[in-house]
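Subject: Structure handover

Hello,

Please find the structure below, with notes on what was found in it. The notes are meant for someone who has not looked at it before.

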Amino acid sequence: MPRFSRLAFTPAVKALQEQFGSRAAYARVERAGDAPDVIGPDETAFLSERDSFYMASVGAQGWPYIQHRGGPPGFVRVLDAHTLGFADYRGNKQYISAGNVSENDRVALIFVDYPNRARLKVLAHASVITRETDAATLERLVVPGHSAKVERGFVLRVEGFDWNCPQHITPRFTEAEVDTAMRPMVSELHTLRAENRALREELARLKRSPV
């Protein structure tokens with residue numbers, strides 16, 4: 001969080017932290033250094049399981065724009081300790097994020113693990129790549145077996161990130177997560193039904209047998 005705090009904690013933010021009693025704790029964090037935060041094993045593992053995130057960019061008129069991005073789990077790739085990337089699939093052809101990034105490359109992202117109530121916030125500089133400008137990197141962003149058409153890629157040079165607290169995250173589960181959680185119970189149900197069927201058949205056989 002050191003780099004994240006230095007970027008996010010503006011004088012106005014620090015004034016409010018001072019007012020409400022959190023400034024001293026955050027000041028200690030900020031003294032840890034000013035180098036870009038390093039994407040480690042925990043962040044890599046977390047991102048490898050995400051199937052969506054939200055990205056904010058800012059347009060020329062100063063208006064922020066937040067876009068939902070989705071894909072197969074792990075579609076956001078960790079390219080190195082300071083770089084993320086993801087393929088941009090064909091959508092509604094508004095190109096707002098791509099246009100905003102062409103003028104202001106600063107973006108903010110938030111990744112949420114709803115079942116485990118965890119979230120990761122990222123500040124980064126974004127650039128857009130195509131097969132013409134960087135075919136090798138774009139190929140690294142393609143998810144094998146995913147049928148969506150890749151139009152371009154976003155490469156994100158991470159400046160800072162912060163693990164957010166779980167407070168107020170309502171657990172939500174995808175169909176696949178529910179299926180995985182229910183699989184042992186469904187298997188047990190099938191076993192119990194088979195045993196019940198066998199017992200009924202044995203009972204019927206005994207009833208038919210002469211005493």
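Valine 107 is buried, at a relative accessible area of 4% (buried means under 20% relative accessible area, exposed over 50%, and partly exposed in between, with a 1.4 Å probe and protein chains only). This is a predicted model, in which local features need pLDDT of at least 70 and side-chain atom pairs count only at pLDDT 80 or more, while totals for chains, interfaces and linings use all residues. Residues are numbered from 1 along each chain as its sequence is written, and side-chain values use heavy atoms, with hydrogens and water left out.

Valine 107 belongs to strand E5, residues 106-113 (helices, H or I with at least four residues, and strands, E with at least two, are DSSP runs numbered from the N terminus). Leaving aside residues up to four places away in sequence, valine 107 touches Met55, Ala56, Ser57, Val101, Val122, Leu123, Ala124, Ala126 and Leu156 (contact means heavy atoms within 4.5 Å). Histidine 68 is 39 residues from valine 107 in sequence, and their C-alpha atoms are 13 Å apart in space.

The sheet

Strand E5 is part of an open sheet of seven strands, in the order E2-E1-E5-E6-E7-E4-E3, with antiparallel pairing (two strands pair if DSSP finds at least two bridges between them). Strands E2 (64-70) and E3 (77-80) stand at the edges with a single partner strand each, so one side of each has no neighbour in the sheet. From one strand to the next the twist averages 35° (axes are lines fitted to C-alpha atoms, for helices over the stretch in contact, and angles run from 0 to 180 degrees between N-to-C directions).

Strand E1 (residues 52-58) runs antiparallel to E2 and is joined to E2 by seven bridges. Serine 52 stands opposite glycine 70 of E2. Alanine 56 has isoleucine 66 as its bridge partner in E2, and alanine 108 as its bridge partner in E5. E1 and E5 are paired in the antiparallel sense over three bridges. In the hairpin of E1 and E2 there are five residues between the strands, and glycine 62 takes a positive phi near 90°.

In a regular strand, side chains alternate between the two faces of the sheet.

Helix H4 (residues 41-48) lies across E3, strand E4 (83-89), E5, E6 and E7, and runs at about 80° to E6. Helix H6 (residues 131-141) also packs on the sheet, where H6 touches E3, E4, E6 and E7 and makes about 60° with the direction of E7.

Salt bridges

How many salt bridges are there? The count comes to nine (a salt bridge is a side-chain nitrogen of Lys or Arg within 4 Å of a carboxyl oxygen of Asp or Glu).

One of them links arginine 3 and glutamate 159, with the closest N and O atoms 3.0 Å apart. Arginine 3 is in helix H1 (residues 2-8) and glutamate 159 in strand E7 (residues 150-164), so this pair ties together parts that are 156 residues apart in sequence. Arginine 3 counts as buried at 17% relative accessibility, and glutamate 159 counts as buried at 8%.

Another joins lysine 121 to aspartate 162, at 3.5 Å between the closest N and O atoms. Lysine 121 lies in strand E6 (residues 118-129) and aspartate 162 in strand E7, so the pair ties together parts 41 residues apart in sequence. Lysine 121 is partly exposed at 22% relative accessible area, whereas aspartate 162 is buried at 10%.

Arginine 152 forms a salt bridge with glutamate 151, where the closest N and O atoms are 3.3 Å apart. Arginine 152 counts as buried, at 15% relative accessibility. Salt bridges with shared partners join Arg69, Asp88, Glu151 and Arg152 into one network.

A surface patch

Phe173, Val178, Met182, Met185 and Val186 form a nonpolar patch on the surface, together having about 450 Å² of accessible area. Patches are made of residues with over 30% relative accessible area and no salt bridge, with like charges joined within 9 Å and nonpolar side chains (Val, Leu, Ile, Met, Phe, Trp, Tyr) within 5 Å. Accessible areas come from the Shrake-Rupley method with a 1.4 Å probe, and for residues only the protein chains shown count as cover. Methionine 182 is in helix H7 (residues 175-208) and is partly exposed, with a relative accessible area of 38%.

Regards
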